[in-house]
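Please have the sequence and the coordinates at hand while reading.

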Amino acid sequence: MIRSIFAGVVAASIAFAAPVHAQQKLKIGFITTMSGPQGVIGQYMKDSVELALDHLGRKVGGLETEIIYGDDQTKPDVGVQLAEEMLKKHQVDFVSGIIWSNVMLAVVPVVTGAGKIMVGTNAGASPLAGSQCSELYFSTSWNNDQTPEAMGKFLQDSNVNDLYVMAPNYQAGKDMVAGLKRYYKGRIVEEVYTKLGQQDYQAEISQLRSKNPKAVFVFYPGGMGIQFLKQYDQAGLRGQLPLYSVYTVDEISLPAVKEAALGNWETRFWSPDLKNPANQKYVADYKKKYGKLPVFYGAQSYDGILLIDSAVKATKGNLKDTRALVAAMRKADFDSIRGRFTYNVNHHPIQNFYLLRAEKAASGDIEMHIQKTIFQDHKDSYYQDCKMKW
């Protein structure tokens, strides 16, 4: 009996001596937009987070994982409230997500100020890639300027010398136009900024028609893009004025606009038809689970979970060692669905950008297909302004 009691005491002491962090739960706060016309984007992001969890056996870094979702309603103040609640009430270990640049700019200081890591899976506000970069902020998407820079290069190389430009009037809209103009040196007929979330573009399309440009460039994500594309087609401009865009024609808008998108050109870092094993598995499993193609918003969110997973694994579940987590994340040591990429000094990806076109597939559906690579291992334009403390 004495030996049995002694053995039990020893076993208990060994159990209690095991690292506490090996037994804890990992909590991730995921902020996106789940309501209103832009809520469709947030749903794609959430669905991809859930698929990433499925692929990881519902354990990120080997730890039991809980995701706390929050709807920012496209409002910076709501985003801040959600972040504070996640940090204080739910005591999350990471915060991730966010679609809109103005929301991201408001949320990042709250998260990093609390000593937690923020993983942005869409918004790419230029200050966060430059003067406001942080050791605790990582992006699994892009800096806003990168994608329109690729389109600007394509337009310049294609000798399109007369361009009408439209975008929503907020941080990302201005970043997109700035990126375009960094590589496009032709004539800008007019630069028009519309209300964020606007759904009726008839007045702007009439004004556009009166200017008689040779081509049109737009940035209208989510529901804004669906309405703009429909109204552009209804006005009879498709086929008359070539439409070049970023974050406008995608796997969200195509089922809604169908032929209204035919012939449109886009640039992106990712597409469902990108050929690598990780992406092919992601696309196939997403279609099987949700009955539709994934969109880049989801692709970035899927990668965001895998990035966190890689860091938690590398630190053996020690969520208290923030410096070690950051060092692990800088390596980007996971199978990204975009293919291999590296992090720049500002924690933004150095990655490829492609030219895509809306075409009719054999099935009769309208799909975006990669035409060629515009940039190989493209860096954003702000990293030299980034001064990390660590």
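Which residue forms a salt bridge with D162? The partner is R187, and the closest N and O atoms of the two are 2.7 Å apart. Here a salt bridge is a side-chain nitrogen of Lys or Arg within 4 Å of a carboxyl oxygen of Asp or Glu. D162 lies in strand 7 (residues 162-168) and R187 in strand 8 (residues 187-194), 25 residues apart, and the pair links distant parts of the chain.

The model is predicted: local features need pLDDT of at least 70, side-chain atom pairs count only at pLDDT 80 or more, and totals for chains, interfaces and linings use all residues. Residues are numbered from 1 along each chain as its sequence is written, and side-chain values use heavy atoms, with hydrogens and water left out. Helices (H or I, at least four residues) and strands (E, at least two) are DSSP runs, numbered from the N terminus.

**Salt bridges**

The whole structure holds 16 salt bridges. Three of them are listed here, including the pair described above.

| Pair | N to O distance | Sequence separation |
|---|---|---|
| D162 and R187 | 2.7 Å | 25 residues |
| K211 and E190 | 3.5 Å | 21 residues |
| R268 and E251 | 3.4 Å | 17 residues |

K211 and E190 meet through their side chains, with K211 in helix 8 (residues 202-211) and E190 in strand 8. R268 and E251 also form a salt bridge; R268 is in strand 11 (residues 265-268), while E251 is in the loop between strand 10 (243-245) and helix 10 (254-257). Apart from these pairs, E50, D54, R58 and K289 are linked in a salt-bridge network.

**Accessibility of the paired residues**

Buried means under 20% relative accessible area, exposed over 50%, and partly exposed in between (1.4 Å probe, protein chains only). D162 has a relative accessible area of 7% and is therefore buried, whereas R187, at 48%, counts as partly exposed. K211 is partly exposed at 40%, and E190 is partly exposed at 23%. R268 and E251 are both buried.

**The loop residue T315**

T315 sits in the loop between helix 12 (296-314) and helix 13 (322-330). Is T315 buried or exposed? Its relative accessible area is 13%, so T315 is buried. The T315 side chain reaches the backbone oxygen of A311 at 3.0 Å. Leaving aside residues up to four places away in sequence, T315 touches A324 and L325, where contact means heavy atoms within 4.5 Å.

Key. A polar contact is a pair of N or O atoms within 3.5 Å; within protein, one must be able to donate a hydrogen and the other to accept it, and residues adjacent in sequence count only if both atoms are side-chain atoms.
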